Number of protein chains: 2
Amino acid sequence: MVAPLRVGIAGLGTVGAEVVGLIERQKRTLSLRCGRSVRVVAVSARSKAKKRNVDLSGIAWAKNALAIATDPKVDVFVELMGGVGDPALSAIEAALRSGKSVVTANKALIAKHGSRLAMLAEKHGGALNYEAAVGAAIPIVKTLREGLAGTGIDRVYGILNGTCNYILTRMEQEGLSFAECLKDAQRLGYAEANPSFDVDGHDTAQKLAILASLAFGTKVNQSAVYVEGISSIAPEDLRAAQELGYRVKLLGVAVKTETGIEQRVHPTMVPRISSIAQVMDVTNAVTIDGEGIPPITLVGPGAGGAATASAVVADIADIARGVRALPFGRPVAKLKATAKAPMRRHEGGYYIRLMARDLTGTAATIAKRLAEQKISIESIVQRHPNGGAASVNGKSQPVPVILITYATTEDAVRRALQAVKQDRVITGRPQVIRIEKN
Amino acid sequence: MVAPLRVGIAGLGTVGAEVVGLIERQKRTLSLRCGRSVRVVAVSARSKAKKRNVDLSGIAWAKNALAIATDPKVDVFVELMGGVGDPALSAIEAALRSGKSVVTANKALIAKHGSRLAMLAEKHGGALNYEAAVGAAIPIVKTLREGLAGTGIDRVYGILNGTCNYILTRMEQEGLSFAECLKDAQRLGYAEANPSFDVDGHDTAQKLAILASLAFGTKVNQSAVYVEGISSIAPEDLRAAQELGYRVKLLGVAVKTETGIEQRVHPTMVPRISSIAQVMDVTNAVTIDGEGIPPITLVGPGAGGAATASAVVADIADIARGVRALPFGRPVAKLKATAKAPMRRHEGGYYIRLMARDLTGTAATIAKRLAEQKISIESIVQRHPNGGAASVNGKSQPVPVILITYATTEDAVRRALQAVKQDRVITGRPQVIRIEKN
């Protein structure tokens, strides 16, 4: 019998307490699966006095995270404190330097310091596992790192933020505005008091940068991700999407193009019949297009104490079984640097919603400007408010015109819309949503 | 640099040729991911002369599978011949006995001999990897064996046979009969000339027995699976399902119950909004209910040369990286025997379609018989053929009565239907489809 794997956990919030409880409840199965027992030997947290729903008797209380990270009686350092800098960062560094393996659920930290930490793990022979950092219990890191190890990847994209998907789901189902749904999400605890990190797409961007690294062998680099949030999405966009056979999702997309790896986060029209379009509420999902094979989609909870703990314990179990995967699947020295995707060069279909001042002549003007940029129109819908009348009290009202284009470049779309604006046939800012085909 | 991993492949059909090609195309990535190169050094196949779309120069032709399995210059024996017995079986045994690792896509062989082969792998220290045997490129074996290693599983269920899902999809979308769709599936190459193995549920049962072993630590045992195929499903069942908010899928379900692990394959009503209900055509999907966490669903291609090769190469890559997972996640000696699920004790909701001889009094009789068995009715639909009239030329016609019950036992349903039959108020055989809630 191999000696037990000794686990030290820094951070006893919801996830930390769940991890302690899960390891205890599953100890028999874990020891069968790993060929050795897994034992939590030390924990640390800000408050020792806080009431937690888990039995900590027989587990040593460490002074702080660093004490666990450098404790020779600990084999695996589990970081569940969060925060992109210290104390989490220096504790992880210390643990890796001492040859320990590290498990973390800290996506922000991996997105920012992942490559450097992976280098330390490589050098000192420890594992650096972070399955819980993206999609919680959805085994997406393992799938990209191991399950598709021999398959070239063309594209990976997904719904990586539960808050945004919850808001878009409610907006679509109830015809509510973004602001109303955000308020509800905050009330229900699905959104933070300061929601920007989620709704402006930064959380998704961090996760995407990690997935891109695993899929394409790039250096994790959040600043290489083009980011656009969901706050501009209006109920009329969701209604139009429905009519046109689409649904709007905040997607993170990493895709191989002729000019390199394009990483982008933005509201996206996805075909209503695609697997990803069915993913509602706070659920997350990732689709992987492997070379020559139909898409693989993984769907599941992207957050929550139990779901996150499930991934953390699986990461620990891998270490117990002796597995030491390279953190990003390839040696850090071989990871390629990436630059920010030049979105003007992005190619794809577009949804465009304009408010035409007056229909007479406007449609023709728009069509002309699009044609000048060689943009082909797949469909066009003109909505007449007030039951078909385009005028109220004799005064003509702006009329929504909705276009779906065939594949074109973003540059062409921007030029065409600039020209339409200068023609003064529309009011307000055009709404533009990229289309992602499955 | 570690020495290259030397791979020998027995069987050069579509999958075998794809594996050779994929290893060659991905050689750079594989060597980065594995820390060593992966090299195909020997192959065998029935015909050396057959034209194959792959470069075999520099690869030794072995006399037969056994010669590869016992070749000291081969580290991994890849079995892609198929067949539940020899020559595949004895070659795998020989390879494992010589301490080699084995990769196979052969689900029938794993379902039948899995436990015994796993024992050999354990004893001699080799891996026995078979990701491709269930759901091809969908990483379901890895997810259950590793990704959820620390999470108790309550239930695993899925669409594991593309032929059946294709037939049910066509039947639903076009209102066609089972027989018509089967013929089309055969014409398109989605179904065999003798379709029984697929449409009667046996293929699904083999895959389910493997998944149950991984999820619940049972000994793989196909004969413990209750099996019912899809040939009795009629277009009117699919129409009724749609109206009632369901879809009919052939599911394999393994679930923990108070009396043990229930393994069953049968046509199933699944809620139309569930992830699994969205899976159409030949696509496969598996949903896993982990203890205390929302369901995780993996969707993707369940067959095809490239998808199968993707999983085979990932299995090889794991071996190259030095990973030796226990084939069923736990030591074979600890796997529990299972008996066939006593379906009379099965609990759940039911869809029942009866042909009432005459409506007067029949509904009351049916309701009475169900009530005697303490079965509660969730909904009841009476269909009047011929636009509402229940009689043609003055002669009363049988009228379909469709019931959805709340959770009850199969025993109660069978007793109630037996009584209704004896009351002589219905004609023909009642259609009964189990409901699986998500």
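**Exercise 1. Find where B:Ser101 sits in this predicted model, and decide whether B:Ser101 is buried or exposed.**

Solution. 
- Step 1: Look along chain B for strand S5, which covers residues 101-104; B:Ser101 is found there.
- Step 2: Take the relative accessibility of B:Ser101, which is 3%. Buried means under 20%, so B:Ser101 counts as buried.
- Step 3: Now look at the surroundings, leaving aside neighbours within four places in sequence. B:Ser101 is in contact with B:Asp75, B:Val76 and B:Phe77, with B:Gly126 and B:Ala127, and also with B:Ile319 and B:Arg324.

**Exercise 2. Work out in which order the six strands of the open sheet in chain A are arranged, and which strands stand at its edges.**

Solution. 
- Step 1: Walk across the sheet in chain A. The order is S3-S2-S1-S4-S5-S6, and the pairing is parallel.
- Step 2: Check the two ends of that order. Strand S3 (60-61) and strand S6 (128-129) of chain A each have a single partner strand, so one side of each has no neighbour in the sheet.
- Step 3: Zoom in on one pair. In chain A, strand S4 (residues 76-79) and strand S5 (residues 101-104) run parallel and are joined by four bridges. Within this pairing, A:Glu79 stands opposite A:Thr104 in S5(A).

**Exercise 3. UniProt lists A:Ala10 and A:Gly13 among the residues of a "binding site" (unreviewed entry). Describe the place of A:Ala10 and of A:Gly13.**

Solution. 
- Step 1: Read the record. This UniProt "binding site" takes in A:Ala10, A:Gly11, A:Leu12, A:Gly13, A:Thr14, A:Val15, A:Gly16 and A:Ala17.
- Step 2: Begin with A:Ala10, which lies in strand S1 (residues 5-10) of chain A. Its relative accessible area is 0%, so A:Ala10 is buried.
- Step 3: Not counting residues up to four places away in sequence, A:Ala10 touches several others, including A:Ser44, A:Ala65, A:Ile68 and A:Glu79.
- Step 4: Move on to A:Gly13, in the loop between S1 and helix H1 (14-25) of chain A. With a relative accessible area of 32%, A:Gly13 is partly exposed.

**Exercise 4. UniProt also lists A:Glu192 for "binding site" (unreviewed entry). Decide whether A:Glu192 is buried or exposed.**

Solution. 
- Step 1: Locate A:Glu192 in the loop between helix H8 (178-187) and helix H9 (196-199) of chain A.
- Step 2: The relative accessible area of A:Glu192 is 52%. Exposed means over 50%, so A:Glu192 is exposed.
- Step 3: Beyond its neighbours within four places in sequence, A:Glu192 is in contact with A:Gln186 and A:Asp198.

**Exercise 5. Explain how chain B and chain A are related, and how they meet.**

Solution. 
- Step 1: Superpose chain B on chain A. A rotation of 180° with 0.0 Å of shift along its axis does this, with an RMSD of 0.0 Å. The two copies are therefore related as by a two-fold rotation axis.
- Step 2: Find the residue of chain B that comes closest to this axis: B:Leu298, at 2.3 Å (C-alpha).
- Step 3: Turn to the contacts, where 50 residues of chain B meet 50 residues of chain A. About 3800 Å² is buried between the chains, and carbon and sulfur atoms give 57% of this area. On the chain B side, B:Leu32, B:Arg33 and B:Gly150 lose the most area to chain A, together 18% of what that side buries.
- Step 4: Compare the two sides. The copies meet through the same surface, because 100% of the interface residues of chain B are also interface residues in chain A.

Definitions and conventions:
Residues numbered from 1 in each chain as written. Chains lettered and ligands numbered in written order. Predicted model: local features only at pLDDT ≥ 70, side-chain atom pairs only at ≥ 80, totals over all residues. Heavy atoms only, no water. UniProt positions renumbered as here; feature names shortened; annotations may be inferred. Helix = DSSP H or I, 4+ residues; strand = E, 2+ residues; numbered from the N terminus. Buried < 20%, exposed > 50% of the residue type's maximum accessible area, 1.4 Å probe, protein only. Contact = heavy atoms within 4.5 Å. Least-squares fit on C-alpha atoms with pLDDT ≥ 70 in both. Pairing = 2+ DSSP bridges. Buried area = accessible area lost by both parts, 1.4 Å probe.
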